[in-house]
Amino acid sequence: MYTASDLRKGLRIKIDNDPYIVTEFNFVKPGKGQALYRCKLKNMMNGNQFERTFRSVDIFEAADMQEKKMQYLYQEEGKYCFMDNQNYEQVFLSADQVGEAQNFLLDNIEVEILFFEDRPLGISLPNFIDVVVTKADPWAKGDSVSGNTKPVTVQTGYQLQVPPFIEEGEKIRIDTRSGEYLTRVKG
Amino acid sequence: MTRSIRRFFLDQGFLECETPLRIPAPAPESYIDAVASGEWFLQTSPELCMKRLLAAGYPKIFQICKCFRAGERGAFHLPEFTMLEWYRTGTDYRTLMDDCEGLIAYAAGELGLGGAVSWQGKRVALLPPWERITVREAFDRYAGLSVEEALGRGCFDEIMVCKVEPHLGMERPVFLCEYPAELGALARVNAENPEVAERFELYIAGLELANAFSELTDAAEQRRRFEKASRDRRLQNCPAYPLPERFLTALSRMPPSAGIALGIDRLAMILADQATIDAVVAFTPESL
């Protein structure tokens, strides 16, 4: 349990059975009045944000979160299926819940899924993944208009800018946090 | 800044005084918690001792000192902060409004700021007279509900913070005055309208800077209000404080007076255009 004076940015609390994260927090106290705790809260299930003012007598339950290692299996009609390799249980996440990560979901890749009680909230990928370039235009030497990068498509369908020497069929490493090219991978 | 404040008061014949920080009984207020120091407490304000000096015959006094309030920490709050208080006998809170106009314009001038301050992108002209608005008018204008409704629903503080304060003192500083009588702990009620207390708060660019009263001099009434505040504190499971008996005895000898407390750190925030109180102190509690 938390009281209002425990509230601070980043704290996860449960309100009406949904998990919320405190995104902004300020202690205020009008002259001679009571202490008030003004918060911006974000619903971790649906992303809705709102502002709320609490008093020091208000109490909150902690939002019980846990991360599980799971393996990505397949995608069907906008649902992404992941499996727990310990007990073979499967969960489905929507495209919204997967978010940007859908650009980097390699078959059988192991990811961390954040759960609130039994409900999946979102996934976190390994920071770096190695992928095969499936489409790249040949580099026209002396083409100064396009600068020093060119666009390619990788096996997950994601498109990004890479140095001009990268060719189709080569493997490259991508930083999944920024979505940017890091290096060419040999072998 | 503090040098110009001292000069402002000394030039007007005020006596600078120093009263103990550690006291046996702070003024019981419903929502102010004192920090214990052994069997005694650190002062939440120098108010009680300064009023005893008024009762002892000093007519114009000021003090710059540390005050301590447990649990208060935010962008505008430190549990240990610096307060300026000044008191005048033989007058009421309207004279203190003139003092505020003179003092802050003088301090800003000494710092080379001219006739206006800019705080976080809001420019506020300091030329007197500053705006005077009653709590009733402010609620009607900004809150969308009346003071009575807010008090009745128990959300006066929430409405004040969320709806009213952000509008106060945006072009000129504003004196928010005539508080509902029950919200003026140590203030005298207005003789013509006993529903309101002669209390004002000064706001500049939405930031509350000072709280002032025409001081209550009726010791019996003051005792009743302290007892009510103590009851409120017990109901909220807040620590109880002994009643400040020697203050109550002195109060019956205190001449009609007006007094004001102004947050020095917040004035520094305004004059130095800093967003948080952390930026105007050398050390925050977290950095110790």
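Which residue stands opposite A:Ile172 in strand 16 of chain A?

What we have is a predicted model, in which local features need pLDDT of at least 70 and side-chain atom pairs count only at pLDDT 80 or more, while totals for chains, interfaces and linings use all residues. Residues are numbered from 1 along each chain as its sequence is written, and chains are lettered from A and ligands numbered from 1 in the order in which they are written.

Let me take chain A by its domains. The assignment, whose bounds come from an automatic or database domain assignment, gives domain 1 as residues 2-62, domain 2 as 65-124 and domain 3 as 128-185. Between domain 1 of chain A and domain 2 of chain A the C-alpha centres are 29 Å apart, and four residues of domain 1 of chain A are in contact with four residues of domain 2 of chain A, where contact requires that the C-beta atoms, placed from the backbone, lie within 7 Å. On the side of domain 1 of chain A that touches domain 2 of chain A there are three nonpolar residues, one charged residue and no polar ones; here Ala, Val, Leu, Ile, Met, Phe, Trp, Tyr, Cys and Pro count as nonpolar, Asp, Glu, Lys and Arg as charged, and the others, Gly among them, as polar.

Now to the strands. Chain A has an open sheet of six strands, paired antiparallel in the order 1-6-2-3-4-5, and its edges are strand 1 (2-3) and strand 5 (49-55) of chain A, each of which pairs on one side only. For the terms, helices (H or I, at least four residues) and strands (E, at least two) are DSSP runs numbered from the N terminus, and two strands pair if DSSP finds at least two bridges between them.

The loop between strand 2 (12-15) and strand 3 of chain A holds A:Asp16, which has a phi near 45°, a positive value in a residue other than glycine. Most residues other than glycine have a negative phi. A:Asp16 is exposed, with 6 other C-beta atoms within 10 Å; a residue is buried if 20 or more other C-beta atoms lie within 10 Å of its own, exposed if 12 or fewer, and partly exposed in between, with C-beta atoms placed from the backbone.

Next comes the partner chain. Helix 6 (residues 156-164) of chain B lies across strand 3 (18-28), strand 4 (36-43) and strand 5 of chain A, and runs at about 70° to strand 4 of chain A, where axes are lines fitted to C-alpha atoms, for helices over the stretch in contact, and angles run from 0 to 180 degrees between N-to-C directions. The contact takes 13 residues from chain A and 19 residues from chain B. On the chain A side, strand 3 of chain A gives the most, with three residues, and by class that side has five nonpolar, six polar and two charged residues.

As for chain B itself, nine helices and 13 strands are assigned, and 43% of its 288 residues count as buried. The peptide bond from B:Pro128 to B:Pro129 is cis, with omega near 0°, and B:Pro129 lies in the loop between strand 8 (122-125) and strand 9 (131-134) of chain B.

Finally, back to the opening question. Chain A has another open sheet, of five antiparallel strands in the order 14-13-12-15-16, with strand 14 (159-162) and strand 16 (180-185) of chain A at its edges. Strand 15 (residues 171-175) and strand 16 of chain A pair over five bridges, and the residue opposite A:Ile172 in strand 16 is A:Arg184.

Note on methods: Contact = placed C-beta atoms within 7 Å.
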